Amino acid sequence: MTPAKILLASHGTPGARAAEQVALSLCAREGAIWHLEVVPDFWKGMRGDDWLNNAITQQRFGDYVESQLERELAEHAEALSREVLDRGFSYENLSVLGKPAECLLDAAAREIFDLVVIGSPRPKGTPGYRSRIKMETLVRGLRIPLFVAPHPDR
């Protein structure tokens with residue numbers, strides 16, 4: 001079976017980019033890729049209050065962080081949408097703030113999907129923040145197949 005409607009969780013890291021390539025290679029002709037970008041909830045309220053010394057500076061820093069996240073999400077979605085549309089698939093984008101597994105389950109419940117595609121965790125020693133998805137929560141809650149793309153550095 002070739003999936004016609006894929007829910008793809010991606011945020012632009014190398015592992016997530018591997019998931020994008022898997023989704024693009026598996027999607028049926030004239031299929032649809034729904035791109036979910038999850039901003040982990042630890043970013044909520046990021047104000048730098050542990051090192052910034054007044055409320056105005058904290059607010060400005062928080063606004064800066066929020067605008068940077070929004071810009072990065074938009075840039076990533078734009079690049080992926082071009083790639084998806086160039087291959088003849090339709091593209092939808094959803095950006096949310098929350099816990100990755102729960103957000104993915106919520107998105108999977110909104111529509112009827114044939115497959116969910118995610119990237120695998122970074123290998124040990126690879127730089128970057130490890131925003132881990134709770135796989136047990138995800139696997140127990142999904143009612144459709146899940147494909148975990150191998151990390152490109154493995």
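What covers the buried residues of α3? I opened my notebook with that, keeping in mind that this is a predicted model.

**Entry: helix α3**

I looked up the helix itself. Helix α3 covers residues 100-110. Its buried residues are Pro100, Ala101, Cys103, Leu104, Leu105, Ala107 and Ala108. Then I checked what lies over them. The cover includes β1, β2, β3, β4 (115-119) and α4.

**Entry: helix α2**

I turned to α2, residues 55-86. I count on 32 residues here. From first C-alpha to last, the helix reaches 46 Å. That is close to the 46 Å expected at 1.5 Å a residue.

Which residues of α2 are buried? I listed Gln58, Gly62, Val65, Leu73, His76, Ala77, Leu80, Ser81 and Val84. These residues pack against β1 (5-9), α1 (14-26), β2 (32-40) and β3 (90-98). I also looked just past the end of the helix. There, Gly88 takes a positive phi of about 90°.

**Entry: salt bridges**

How many salt bridges are there? The count comes to 7. I followed up three of them by name.

I started in α1. The side chains of Arg17 and Glu20 meet at 2.2 Å, N to O. The two are 3 residues apart in helix α1, so about one helical turn separates them. I then asked how open each partner is. Arg17 has 31% relative accessibility, so I noted this residue as partly exposed. Glu20 has a relative accessible area of 0%, so I put this residue down as buried.

Next came α2. Glu78 and Arg82 form a salt bridge at 3.1 Å, N to O. Both lie in helix α2, 4 residues apart, which is about one turn of the helix. Glu78 is partly exposed at 41% relative accessible area. Arg82 is partly exposed too, at 45%.

Last, I went to α4. Arg140 and Glu136 meet in a salt bridge at 2.9 Å, N to O. They sit 4 residues apart in helix α4, about one turn.

I checked for shared partners after that. Salt bridges join Arg17, Glu20, Glu83 and Arg87 into one network.

**Entry: a nonpolar patch**

Met135, Val139 and Val148 make a nonpolar surface patch of about 220 Å². Met135 is found in helix α4, residues 135-141.

**Entry: aromatic rings**

I searched for paired rings. The count comes to 1 aromatic pair. Trp34 and Phe113 form that pair, and the arrangement is edge-to-face. The centres are 5.6 Å apart, with 80° between the planes.

I finished with accessibility. Trp34 is partly exposed at 23% relative accessibility, while Phe113 is buried at 4%.

Key. Residues are numbered from 1 along each chain as its sequence is written. This is a predicted model: local features need pLDDT of at least 70, side-chain atom pairs count only at pLDDT 80 or more; totals for chains, interfaces and linings use all residues. Side-chain values use heavy atoms; hydrogens and water are left out. The expected span of a helix is 1.5 Å times one less than its number of residues. Buried means under 20% relative accessible area, exposed over 50%, partly exposed in between (1.4 Å probe, protein chains only). Contact means heavy atoms within 4.5 Å. Patches are made of residues with over 30% relative accessible area and no salt bridge: like charges are joined within 9 Å, nonpolar side chains (Val, Leu, Ile, Met, Phe, Trp, Tyr) within 5 Å. Accessible areas come from the Shrake-Rupley method with a 1.4 Å probe; for residues, only the protein chains shown count as cover. A salt bridge is a side-chain nitrogen of Lys or Arg within 4 Å of a carboxyl oxygen of Asp or Glu. Rings of Phe, Tyr and Trp (its six-membered ring) pair if their centres lie within 6.5 Å; planes under 30 degrees apart count as stacked, over 60 as edge-to-face and the rest as tilted.
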